[in-house]
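This briefing is meant for a reader who is meeting the structure below for the first time. Please keep the sequence and the 3D view at hand while reading, and take the topics in the order given.

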Amino acid sequence: MMEMIEHHRTEEGKGMGVAMTVCPFCGMGCGLVLLGRSAFPLDNHPVSQGGLFLRGWASGELLFSPLRVRYGLVRDSNGTQRPLSVEDALEIARRQLKDLCQRYGPEKIGVLGSARLTTEEIGLLKQLSDAIGTPHRDSFQRMGYLPFPAKGLETIEEASDVTVLATDCAHRHPQAHRRLVRAIYKNHKVRFVDSRRLPLSQFPDYADYVEALPGSELDRLPNSCIGLTVLSSEIALEGQGSRAWMALDRQRTVFLTDYVNQRGLVESGFYPPADGMGAFEILQAASEGKLKALIVFADDPSEFFPEQTKQAFARVEWSLVVDSLLTPTARLAHLVLPGALLWEKDGTVTNTEGRVQQVGPVQEPLAGWTEGQIIACLLEEWADAGNGITPGPLPYPDGGISPDPPDESYPMVLTLDSGTFWNRHIFSQASVTVWREARNERADFPNGYVSLNPEDARKLGVRPFSDALIEAREGTLRLRVKVDQRPARGVALLPMSLWEAAGTALKSLIVDPALKIPIFRPTPVRIRPAP
Ligand code: SF4
């Protein structure tokens with residue numbers, strides 16, 4: 001195999017179906033060898049160290065997914081998307097973008113990018129948004145990112161005292177979970193501060209568990225905790241991001257990223273400046289008719305906000321989506337252009353550790369174009385563009401968001417749980433193996449669920465697989481009940497895909513002004529059997 005890889009590295013060997021590359025599913029950045037559609041772990045890779053997890057093994061399936069975009073699509077007057085050549089679609093995109101910019105002004109255009117792009121492509125996209133002159137640029141794949149300095153994963157297993165703060169490493173950051181297991185084997189002190197009983201926290205002989213209500217995890221950090229803190233976007237998605245940023249020692253914190261190039265995205269400056277709108281605000285503004293055009297490169301706002309995305313795309317005069325996969329967002333666009341997967345282009349991505357890694361190509365782009373080439377063509381229209389917009393450092397000052405505590409009338413706290421398979425991520429849908437895993441939960445809970453621990457379920461009189469009413473001060477929700485050991489006492493968990501539906505019904509979906517991201521505010525609720 002090493003001979004094939006060496007051959008691939010030569011000019012002659014490029015695109016011959018072998019690539020030493022990176023798993024695109026999460027921010028860990030496991031190294032793998034792709035042989036056609038089969039992925040194999042790299043023995044000596046510093047992150048994966050000869051191992052891969054389910055998503056990594058199945059990642060080659062993305063290349064041949066039926067969801068791949070193979071040509072341009074343009075919406076006709078009946079609303080149907082009709083195929084056309086990429087060159088013709090690109091010509092329409094160049095004309096429309098320039099025309100809309102001249103007619104309405106650059107501030108009427110919103111640009112969404114993605115951590116699925118290479119750092120070089122993100123740089124080009126920033127140039128394009130700068131050239132257009134719009135301050136409204138962001139990505140839904142930035143959500144929850146906090147700019148702690150990058151640290152190697154080995155820091156976790158080397159620290160003698162580790163606190164994992166509101167972060168499900170087992171499901172979302174498996175390579176970090178491996179390092180935690182090793183730390184435990186070395187008899188290092190490991191504790192979990194969380195509103196969920198995570199896999200390792202259930203063994204008191206090995207690790208301490210500090211039970212915390214959602215939104216109060218930072219307050220539950222023990223005074224004795226003097227070592228390393230490990231956290232991820234989850235704390236920011238509860239509205240505690242700027243507090244965590246202020247409270248935690250930057251040198252003794254490991255921040256785990258969610259997406260393959262999330263760190264590259266933010267370090268390239270692709271986020272809104274203080275006077276620009278964040279990704280969710282861009283959707284809101286478009287839905288209210290305040291924006292005229294949306295340009296989306298490999299981002300899929302439908303994953304978390306399907307209704308808001310539909311409204312936004314229905315209201316704007318023109319929309320362009322460039323993606324390698326036909327996402328639900330792409331299906332709403334006026335014009336779709338095909339992009340390429342990471343393994344069909346040259347470039348770099350930056351993993352959670354700040355490790356800059358080279359990717360692909362294992363084959364030529366399926367439709368002959370990469371996102372970078374498309375951005376470069378669009379940029380030709382703005383050859384004499386002005387200076388770039390430099391965003392200030394995140395988080396912007398704001399004052400933070402205080403969670404409402406539970407009380408006698410609303411004794412439980414409802415929050416989102418990001419560590420479940422009940423999701424709409426386009427990579428999950430495009431990979432047969434991963435989607436099979438997700439389908440089990442989909443089959444049992446087609447419309448989602450609220451998860452309660454057995455003790456709470458018994459006290460509340462709600463039975464597994466029955467419907468429950470979830471009542472908050474500002475709204476009510478009806479959901480099927482899932483009973484398991486995961487939620488702590490007094491905690492009700494929702495899968496992330498219900499963010500918009502539950503957040504809208506209970507008025508828990510708000511924008512954190514410090515990070516310019518949507519959050520689900522932990523919400524006091526009462527729960528009873530549905531009539
Ligand atoms: S840990 Fe992340 S990068 Fe590694 S195989 Fe799993 S999904 Fe891929």
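In this predicted model, 15 residues of domain 1 are in contact with 15 residues of domain 2. Strand β1, residues 18-22, provides 4 residues, the largest share of the side of domain 1 that touches domain 2. Sorted by class, that side of domain 1 holds 9 nonpolar, 5 polar and 1 charged residues.

**Domains**

- The domain assignment of the chain gives four entries, namely domain 1 (2-64), domain 2 (72-144 + 263-382), domain 3 (154-256) and domain 4 (412-529).
- Taken over C-alpha atoms, the centres of domain 1 and domain 2 are separated by 26 Å.

**The ligand and its shell**

- There are 13 residues around the ligand, and of these Cys 23, Phe 25, Cys 26, Cys 30 and Gly 56 come nearest.
- Helix α2 (54-58) and helix α7 each supply at least two residues of the shell around the ligand.
- By class, the residues of this shell divide into 8 nonpolar, 4 polar and 1 charged.

**Helix α7**

- Helix α7, which covers residues 174-185, has 12 residues and reaches 17 Å from its first C-alpha to its last, a span close to the 16 Å expected at 1.5 Å a residue.
- The buried residues in α7 are Pro 174, Gln 175, Ala 176, His 177, Arg 178, Arg 179, Leu 180 and Ala 183.
- These buried residues of α7 pack against the helices α5 (154-158) and α6 (169-172), and also against the strands β8 (161-165), β9 (189-194), β11 (228-232) and β12 (253-256).
- After α7 comes Asn 187, whose phi is positive, near 65 degrees.

**The sheet of 7 strands**

- An open sheet with mixed pairing is built from 7 strands in the order β5-β4-β15-β14-β13-β6-β7.
- Its edge strands are β5 (81-84) and β7 (137-138), each of which pairs on one side only.
- At the β7 end of this order, strand β6 (residues 109-112) and β7 pair in the parallel sense over 2 bridges, and Leu 112 stands opposite Asp 138 in β7.

- Strand β22, residues 491-495, is mostly covered, since 5 of its 5 residues are buried.
- In a regular strand the side chains alternate between the two faces of the sheet.
- Both faces of β22 are covered, with Val 491, Leu 493 and Pro 495 buried on one side and Ala 492 and Leu 494 buried on the other.
- Strand β18 (residues 412-417) runs parallel to β22 and is joined to it by 5 bridges, and Leu 414 stands opposite Ala 492 in β22.

**Pro 365**

- Pro 365 lies in the loop between strand β17 (356-359) and helix α12 (371-379).
- When residues up to four places away in sequence are not counted, Pro 365 touches Ala 340, Glu 344, Lys 345 and Thr 370.
- Pro 365 and Gly 490 are 125 residues apart in sequence, and from C-alpha to C-alpha they are 50 Å apart in space.

Key:
Residues numbered from 1 in each chain as written. Predicted model: local features only at pLDDT ≥ 70, side-chain atom pairs only at ≥ 80, totals over all residues. Pairing = 2+ DSSP bridges. Expected span 1.5 Å × (residues − 1). Buried ≥ 20, exposed ≤ 12 C-beta atoms within 10 Å, placed from the backbone. Contact = placed C-beta atoms within 7 Å. Near = placed C-beta within 6 Å. Nonpolar A, V, L, I, M, F, W, Y, C, P; charged D, E, K, R; others polar. Domains from an automatic or database assignment.
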